[in-house]
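Try each task before you read its solution.

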Amino acid sequence: MLFNSYEFIFWFLPVALMVFFLLGRVNVKLAAAWLAVASLAFYGYWSPKYVLLLLASASFNYFCGRAIAKHAGTDSGRALLAGSIGADLVLLCLYKYADFFLSSVNGIADTHLQLLRIALPIGISFFTFTQIAFLVDCYKRIAREYSFIHYLLFVSYFPHLIAGPILHHTEIMPQFASAAPYRPSARSFAIGLTVLAIGLAKKVLIADNFADYATPVFTAAHGGVPIRLVAAWVGAIAYTFQLYFDFSGYSDMAIGLSKLFGVNLPINFFSPYKSTNIIEFWRRWHMTLSRFLRDYLYFPLGGNRKGELRRCANLMITMLLGGLWHGANWTFVAWGGLHGIYLLINHGWESVRPHSKSPTLPGKCFAGAMTFLAVVVGWVFFRAEDFGTATNILRGMTGFNGITAQNQSGGFWAVLTHLIPQLGIIFEGTLENMETPGRFEMEVLLVTGALLVWAMPNTQQIAERLEAVFGSSHVPLFYRRAVPALAGLFLALALLQMQKVSAFLYFQF
Amino acid sequence: MRTYLSILLTAAAMTVLCSIAASLIVDPYRIVHRLIGELSFKPNSRVAKVAFLSHSCSQYDSYIAGDSRSQILSESNLGDVQARRFYNLATTADDIVSIVHRLNHLIGRGCPISAVVVGESIDLFMDESARSAGSLLLSENPAVSGENRISFYSKYFLSAQALVEYFRFLYEHPSRHEIYYPDGHADYLWEMKDDTPFALAACRGSKTLGAAERKLLFAKLGGYREIAGMSDRYHFKTIVWIVPLNEWQSELFDDPDVKDYLQQLRAIPNLAIVEAERNSRLLSDFHNWHDCRHFRRTVFDQLVAPAVSGFLGHSTERAMPGVTENTSSGIDDH
């Protein structure tokens, strides 16, 4: 079930909320159990058989976690930890990476190993990572003993289940154990609905429209059509915005939905395209994944504690594996590797640049533009189905596939159309007659996207402002009238555009 | 806080209600309004035409079917129609399978059918993705498709998509009007304005079919066999005319697959096939074209109509002058 579907918004969510709060008045454990069952139903709506997989995974990790906590600091505890993490990774590899591994072997060794073609359970990367963190923290005695219901709810909680944020047990399970979420709160509803409306609008009104430009370009590139300069940039930038609005929209919806249940989820995005360097970008983009990779991969590898060379190697390993986590394809590894190189360059620059002067505004703008450009190039690998597609787009972006100009049917231009293709200027229209909406819409969309990304506060800042305003004795008129009216308008416009249900990009990861 | 929530929910409800009201009033696809008069937006003529015929089919006994190329034709273009009363059932991007479904629906409602004139385009292919991309324009009337009516109407009125597409189209094509007449045919009020020799040259298309197109082309034969069977069962004439292409696109007829397809089409019994002269000067003069793919009536009147008229008036066993002799059928007048 998708957040941006009528079944979810008009059926699942109201029922889940009503029963949760009704049961919460009687017995909080019962309410938590209901929420867990509802979350499993939410997951099972997509594929009932994988509910068993999710249940088995949660039960296995819960009982392993308890056993590890009992033997924490001992050899048997370490062995248990290694064994249970290994089992989690085997499950993840079986479902997500087995065919990638087999096809890679077939490609390298010219063998013909049969692919398994197992359907990828949605969200497996997310629920595996949250549980690995739990196991490690049980060994470190950070995780205290939780009830199974709360643990199951932590793993399966539907707002985060299929595309994050990647939760840490210490920030979510104490909330389930407290009494606050089980009482309906108008304040939580007001903020939750506002954040949900913003997220839904980001996804339905903006991201899906950017997809109408990105998808035809990448599809044509995959089909071997040489992508010209303008089309390549349109495709790459459209995807850059699409991914941001899609994924941050999903995260906003998850945060807003959870807020309706009185549970606060961690933020996942903080205006990443406002970053002026790549290090900052990774502090703002998919923040919960960055946190996980730092705490459970980079630090255990040694972090920056074992010399400069080792630090570079650790960073690179972390980014390569981070790339692979996103999908079973070498293009994701290349994307991770590219960002690893960016980070190494950035760290190198940080160590040599003079720190005495604070950057000027033009300097900041230049740094921001360079960072954005680097990110756009990275997304080409992230989006492309294979290296041929990525190379095609990158060649187009650098002008090596020729330059197109808008097709003109009028006299002089029509003659030119026939006379000068040999100059490399091809009059085919800037998007090579791809099935994209009009140029005017593209310009409106790009300007809107740019304004929202660079000139507006992000959802988290809006939510924090609302929290502060609602906590004060006097709520300004703007927040009492204009903000809810705008949120209602966005919610309605998004609902009216939801006829064409589209999946969130991060579901595949 | 309660005021905040009430304003939010009221604003959302009001916006949704306003959008539904606007969609119903404007009804850009002509889902609930009758398809008649000058329109600045391409309607879903499948829905409107079937809806009209559901209560008026007794006024007609013959049908012009096909895609948008056939939509400009009326009884007057067919010459001597032997006292038949034609309704133009052609719709945007239509195909023979949908035509068969629609005719079956009409037969099921007891509508009389004496002749069907089908325009066959060998250069237009609609796969599933193309159909779904144009779903509002191309959706079949639920009475024919059996689609749930709530789900069908919600696409047009519980979503702002129809209005968004309407305003987008008005912005991009402010002068692209069409006039619809009570008998279902339409006038296209746009034309190629460019008088350079390259106006039609810009229409140059592919000279051969791709693998996917080949598959879609041959899949149509099943539909033609079905309509030929219906012709036999319900005693009506079916005349299929192959849509002429402009000079720059007509090389497609030389594609071996197209030749093979046409040969198989000609071999289907109970169908009369009309093929226009390929080298006519009419096809290379941009004055005879609305755009690259849509010819003006002159082309049909001069290249196709005489043969169609001949088949309408006579048994198809007779050879027609000026066209490729092509049928093996034994259709009788009924």
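**Exercise 1.** Work out whether A:Cys93 counts as buried, partly exposed or exposed.

Solution. A:Cys93 has 37% relative accessibility, so it counts as partly exposed. The cut-offs: buried is under 20% relative accessible area, exposed is over 50%, and partly exposed is in between (1.4 Å probe, protein chains only). Next, look for a bonding partner: the closest cysteine sulfur, in A:Cys64, is 17 Å away, too far for a bond.

A quick word on ground rules: this is a predicted model, where local features need pLDDT of at least 70 and side-chain atom pairs count only at pLDDT 80 or more, while totals for chains, interfaces and linings use all residues. Residues are numbered from 1 along each chain as its sequence is written, chains are lettered from A and ligands numbered from 1 in the order in which they are written, and side-chain values use heavy atoms, with hydrogens and water left out.

**Exercise 2.** Find which cysteines form a disulfide (a pair of cysteine sulfur atoms within 2.5 Å).

Solution. Searching the whole structure turns up one disulfide over all chains. The partners are B:Cys57 and B:Cys111, with 2.1 Å from S to S. Now the handedness: the S-S torsion is about -85 degrees, so this disulfide is left-handed. Finally, both B:Cys57 and B:Cys111 are buried.

**Exercise 3.** Describe the surroundings of A:Lys203.

Solution. Start with accessibility: at 1%, A:Lys203 counts as buried. Then check its side chain, which makes a polar contact of 2.9 Å with that of A:Asp208. Such a contact is a pair of N or O atoms within 3.5 Å; within protein, one must be able to donate a hydrogen and the other to accept it, and residues adjacent in sequence count only if both atoms are side-chain atoms.
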